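Let's take a friendly walk through a protein model together. Keep the picture open beside the text and look up each part as we reach it.

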Amino acid sequence: MKINICTAILKIKSDAQVSVSGEDINTLEWHDNNPTNITNQQILAKQIELQIEEDNRIEQDKINKQSAINKLKALGLNDAEIKSIIG
Amino acid sequence: MAFIGNQPTAVPLTSSQLADGLITTAKLASTSVTTAKVNTAAITTDKLDLISTVSVPAVTAKGTPSVSDGYIQLNCEQNSHGIKLKSPPHSAAQSYTLTFPSTAPTDGTFLQTNSSGVLSFASAGAAAGQVIQVVTATDSTGRNTTSTSFVTGSNTLSVSITPSSASNKILVLVSTSGRILDEMFLTVYRGATDLGAASNKGLIVMNGESGVAAAGAGAGISLLDSPSTTSSTTYQVYFRVTSGTGNINYSNSKGSITLMEIKG
């Protein structure tokens, strides 16, 4: 999942009131006048940080899933039986 | 019998023998010029140069008491058909004048009159319930917000209309798509007026499963508004969230807002 700008801003300030068009940081509209003066650089840095976390989480999910499959196979389950369990 | 000038002869007088102005009305006894004395086709259009004055018309189509009101007939080229322009009956006691337009007709117009009987060409008006005009705007840029108060849903999901009558209505149609983790409300503003429900409840709400999964869906709004104005009026999509991030024109899908002016 792609981390959007608004999600990054909410991670910096959970009650921020902001809108953005086309995921273009230059279109940011602060409806609360940005009281803590969050900068575009902070937002983009947070977005990258969150995206790395999200990508790592997705990758770890894949690893965990494959590990689970391998363990189920070691227990003697065939592919159809494993599929019926994990989808 | 003595004669002054030419002695009358048995042959008809020719035009050269009749000086201009010689035969006046006073010299023609009433009903002296009967149909039998006028040859068929003797009176050509060249001899009919009828002149109106301020108080006397060039031609009067007289009526016949208890028989018919006066009328004139315009025949087809074969003179086998004709249409008639006819006076209202005597009992109506009307003596008005209809003056034709001073401008050339244009396609699709009809004749209308003012209180003086002066005619003009006018565009046909719509009947109640008919669509008079349609304006629309589209936007294919996704837009996110974290605002818990209504904010503009899009830079371009905004369109203006100038109603032709204050009694006409505006049908507002909106189409977009959205994605939200919690709650997202959509509404339409007319100028600075929220046309949605009270307490910022908007016109529609989209619900995700808060904290678990985001929901995406198409969203459509239809609203019949009564702006009661003939001034240019702007309608625009607004949206807000309860928490988290809300999105419209999701994944840069095309949203639209269309206004139809409906004859009231």
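Where chain B and chain A come together in this predicted model, about 1,100 Å² of area is buried between them. Buried area here is the accessible area, found with a 1.4 Å probe, that two parts lose on being put together, summed over both. Carbon and sulfur atoms give 41% of the area between the two chains. On the side of chain B, three residues stand out: Arg143(B), Asn144(B) and Thr146(B) supply 49% of the area that chain B buries against chain A, more than any other three residues.

A word on how to read the model. Residues are numbered from 1 along each chain as its sequence is written, while chains are lettered from A and ligands numbered from 1 in the order in which they are written. Because the model is predicted, local features need pLDDT of at least 70 and side-chain atom pairs count only at pLDDT 80 or more, whereas totals for chains, interfaces and linings use all residues; side-chain values use heavy atoms, with hydrogens and water left out.

Now back to the interface. If we take contact to mean heavy atoms within 4.5 Å, 14 residues of chain B are in contact with 14 residues of chain A. How many salt bridges cross the interface of chain B and chain A? The rule finds 1, where a salt bridge is a side-chain nitrogen of Lys or Arg within 4 Å of a carboxyl oxygen of Asp or Glu. Look for the side chains of Glu29(A) and Arg143(B), which meet at 2.6 Å, N to O.

Which elements of chain B give two or more residues to the side that touches chain A? They are β6 (143–145) and β7 (151–152), and β6(B) brings the largest share, 3 residues. Strands, numbered from the N terminus, are DSSP runs of E with at least two residues, and helices are runs of H or I with at least four. By class, the side of chain B that touches chain A has 1 nonpolar, 12 polar and 1 charged residues. Here Ala, Val, Leu, Ile, Met, Phe, Trp, Tyr, Cys and Pro count as nonpolar, Asp, Glu, Lys and Arg as charged, and the others, Gly among them, as polar.

Two strands count as paired if DSSP finds at least two bridges between them. In this pairing, Val20(A) stands opposite Asn144(B).

Follow β9 (residues 169–180) of chain B, which runs antiparallel to β16 (residues 255–262) of chain B with 7 bridges. Strand β9(B) also pairs in the antiparallel sense with β13 (residues 215–225) of chain B over 11 bridges, and there Thr176(B) stands opposite Ala219(B). Another 3 bridges join β9(B) to β15 (residues 246–248) of chain B, where the partner of Arg179(B) is Asn247(B).

Our last stop is Asn168(B), in the loop between β8 (158–161) and β9 of chain B. Is Asn168(B) buried or exposed? With a relative accessible area of 1%, Asn168(B) is buried; buried means under 20%, exposed over 50% and partly exposed in between, with a 1.4 Å probe and protein chains only. Leaving aside neighbours within four places in sequence, Asn168(B) is in contact with several residues, including Ile132(B), Pro227(B) and Glu261(B).
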